[in-house]
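The following account is intended to be read beside the model. Please keep the sequence and the coordinates in view while following the paragraphs in order.

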Amino acid sequence: GRKMSKDECVHHIDGDRQNNSIENLILMKTGEHHRRTHHSLQKIGYSLYKSGQIKFNRDSFEYQLINAEEKETP
């Protein structure tokens, strides 16, 4: 119900900038808060990679979830 200040920004929780439902948005008071939020997500991604839950596809340059069949393969 008000304009955002210069320092504030909106974070899309699911990463989809098209999803502007109120449940998917959170107001960040500073850009630093927003950077820390994205950094925490990045750290979780690297942790998932190290634990074998995601993989890096060198052809598409993307991280991908590992499906159940891949986990069972020795």
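The model is a predicted one, in which local features need pLDDT of at least 70 and side-chain atom pairs count only at pLDDT 80 or more, while totals for chains, interfaces and linings use all residues. Residues are numbered from 1 along each chain as its sequence is written, and side-chain values use heavy atoms, with hydrogens and water left out.

Helices (H or I, at least four residues) and strands (E, at least two) are DSSP runs, numbered from the N terminus. E8 counts as buried because its relative accessible area is 12%; the term buried means under 20%, exposed means over 50%, and partly exposed lies in between (1.4 Å probe, protein chains only). The side chain of E8 forms a salt bridge with that of R2, at 2.8 Å from N to O. A salt bridge here is a side-chain nitrogen of Lys or Arg within 4 Å of a carboxyl oxygen of Asp or Glu. R2, for its part, is exposed, with a relative accessibility of 55%. The side chain of E8 also reaches the backbone nitrogen of S5 at 2.8 Å. This is a polar contact, defined as a pair of N or O atoms within 3.5 Å; within protein, one must be able to donate a hydrogen and the other to accept it, and residues adjacent in sequence count only if both atoms are side-chain atoms. When neighbours within four places in sequence are left aside, E8 is in contact with R2, L27, M28 and K29, where contact means heavy atoms within 4.5 Å.

D7 is likewise placed in the segment before strand 1. What is its exposure class, buried or exposed? D7 counts as exposed, since its relative accessibility is 54%. With neighbours within four places in sequence again set aside, D7 contacts M28, K29, T30 and G31. The C-alpha atoms of D7 and K29 are separated by 6.4 Å, although these residues stand 22 residues apart along the chain.

Attention now passes to N24, which is located in the loop between strand 1 (9-12) and strand 2 (25-28). N24 has a relative accessibility of 5% and therefore counts as buried. Its side chain reaches the backbone oxygen of N19 at 2.8 Å. Apart from residues up to four places away in sequence, N24 touches H11, H12, I13, D14, D16 and N19.

Helix 1 comes next. This helix has 20 residues and reaches 29 Å from its first C-alpha to its last, close to the 28 Å expected at 1.5 Å a residue. The expected span is 1.5 Å times one less than the number of residues. Within helix 1, which residues are 3 residues apart and separated by about one helical turn? They are R35 and E32, and their side chains meet in a salt bridge of 3.4 Å, N to O. An α-helix has 3.6 residues a turn, so residues three or four places apart point the same way. R35 is exposed, with a relative accessible area of 54%, whereas E32, at 39%, counts as partly exposed. The count of salt bridges comes to 2. Just after helix 1, G52 takes a positive phi of about 85°.

Helix 2 (residues 68-72) contains E69, which counts as exposed at 57% relative accessibility. The C-alpha atoms of E69 and R35, 34 residues apart along the chain, are separated by 35 Å.

Y46 is found in helix 1 (residues 31-50) and is partly exposed, at 39% relative accessibility. F61 lies in the loop between strand 3 (54-57) and strand 4 (62-65), where its relative accessible area of 65% makes it exposed. F61 also has a positive phi of about 60°, although it is not a glycine.
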